[in-house]
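Here's a quick briefing to read alongside the model. Have the viewer open and follow the topics in turn.

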Amino acid sequence: MGKRKLSTPKNPDVMSLETPSNDQTLDKDYKGMGVVYVGHIPNHFQEKEMRQFFGQFGDILKLRISRSKKTANSKGYSFILYENEEVAKIVANTMNDYILCGRLLKCQYIPMSRVHKDTFKGASRPFKKIDWQGRAKVERNRVKTTEEHQKSVKRLLKKETERRRKIAALGIDYDFAGYAAVAPKPRTKTTFADEEDMEVAEMEVA
């Protein structure tokens, strides 16, 4: 059999357990401890609130809320590692189907033999919210290079040409200047072979 990981379905209310290979689990290093899967977490419940609420049952060694890599928002489920296995079982039984802030929690005890070794990867790192809007604003307001500007103009002219073609295909006689009339022309650089050619060019201009 190939290696299989502890997997979570798209619906975070239910935890699907698959048995990983022995070298992919936490069974050896975390014997006697217990892991609880908590699904359907309220949106405003972050690591601090989770520790305060679930820490009432016993000592929490590790806690990781699954988050989106793109937005850093919570996916609505987490994993909690308790120092005592029995405490983890009590938490799973007690808090399953518990209504918290209008959300019906789904809790499940996970045997250590089924917990993948990367389940708590990055759990010790403090959560840092990423200002995606600020980054996008900086990128949008950035001064474009000449190559980027030319590429943008080329794209606009291509779209305009396609728009003209569609209008003509409909039998509409509609003539408009469009972006092509005001689009900046690509710069050309004149080079001279020697000083005599430069002098001739200056005389012609004069």
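Which side chain does Arg164 meet in a salt bridge? Arg164 pairs with Glu160, at 3.4 Å from N to O; a salt bridge here is a side-chain nitrogen of Lys or Arg within 4 Å of a carboxyl oxygen of Asp or Glu. Bear in mind that this is a predicted model, where local features need pLDDT of at least 70, side-chain atom pairs count only at pLDDT 80 or more, and totals for chains, interfaces and linings use all residues. Residues are numbered from 1 along each chain as its sequence is written, and side-chain values use heavy atoms, with hydrogens and water left out.

**Glu160 and helix α4**

- Glu160 sits in helix α4, which covers residues 146-169; helices (H or I, at least four residues) and strands (E, at least two) are DSSP runs, numbered from the N terminus.
- Arg164 is in helix α4 as well, four residues from Glu160, or about one turn of the helix.
- Glu160 counts as buried because its relative accessibility is 6%, while Arg164 is partly exposed at 28% (buried is under 20% relative accessible area, exposed over 50%, partly exposed in between, with a 1.4 Å probe and protein chains only).
- Leaving aside residues up to four places away in sequence, Glu160 touches Phe176, Ala177, Gly178, Tyr179 and Ala180; contact means heavy atoms within 4.5 Å.

**Other salt bridges**

- The total by this rule is eight salt bridges.
- Helix α4 also holds Glu162 and Arg165, three residues apart, again about one turn, and their side chains meet at 2.5 Å, N to O.
- Lys106 and Asp97 form a salt bridge at 2.6 Å, N to O; Lys106 is partly exposed at 25%, and so is Asp97 at 40%.
- Glu85, Glu86 and Lys89 are joined in a salt-bridge network.

**The sheet and its helices**

- Four strands make an open sheet in the order β2-β3-β1-β6, with antiparallel pairing (strands pair if DSSP finds at least two bridges between them).
- At the edges stand β2 (60-67) and β6 (106-110), each with a single partner strand, so one side of each has no neighbour in the sheet.
- On average, neighbouring strands of this sheet are turned by 20° against each other, direction ignored; axes are lines fitted to C-alpha atoms, for helices over the stretch in contact, and angles run from 0 to 180 degrees between N-to-C directions.
- β2 and β3 run antiparallel and are joined by six bridges, and Leu63 has Ile80 in β3 as its bridge partner.
- Helix α1 (residues 47-54) lies across β1, β2 and β3, at about 140° to β2.
- Helix α2 (residues 85-95) packs on the sheet too, touching β1, β3 and β6, and its direction makes about 155° with that of β6.

**Aromatic pairs**

- The count comes to six aromatic pairs: rings of Phe, Tyr and Trp (its six-membered ring) pair if their centres lie within 6.5 Å, and planes under 30 degrees apart are stacked, over 60 edge-to-face, the rest tilted.
- Tyr37 and Tyr77 have ring centres 5.9 Å apart and planes at 40°, so this pair is tilted.
- Tyr37 is in strand β1 (residues 34-39) and Tyr77 in strand β3 (residues 74-82), so the pair ties together parts 40 residues apart in sequence; both residues are buried.
- Tyr77 also pairs with Phe79, with centres 6.1 Å apart and planes at 90°, so that pair is edge-to-face; Tyr77 and Phe79 are both buried.
- Elsewhere, ring pairs link Phe45, Phe53, Phe54 and Tyr98 into a cluster.
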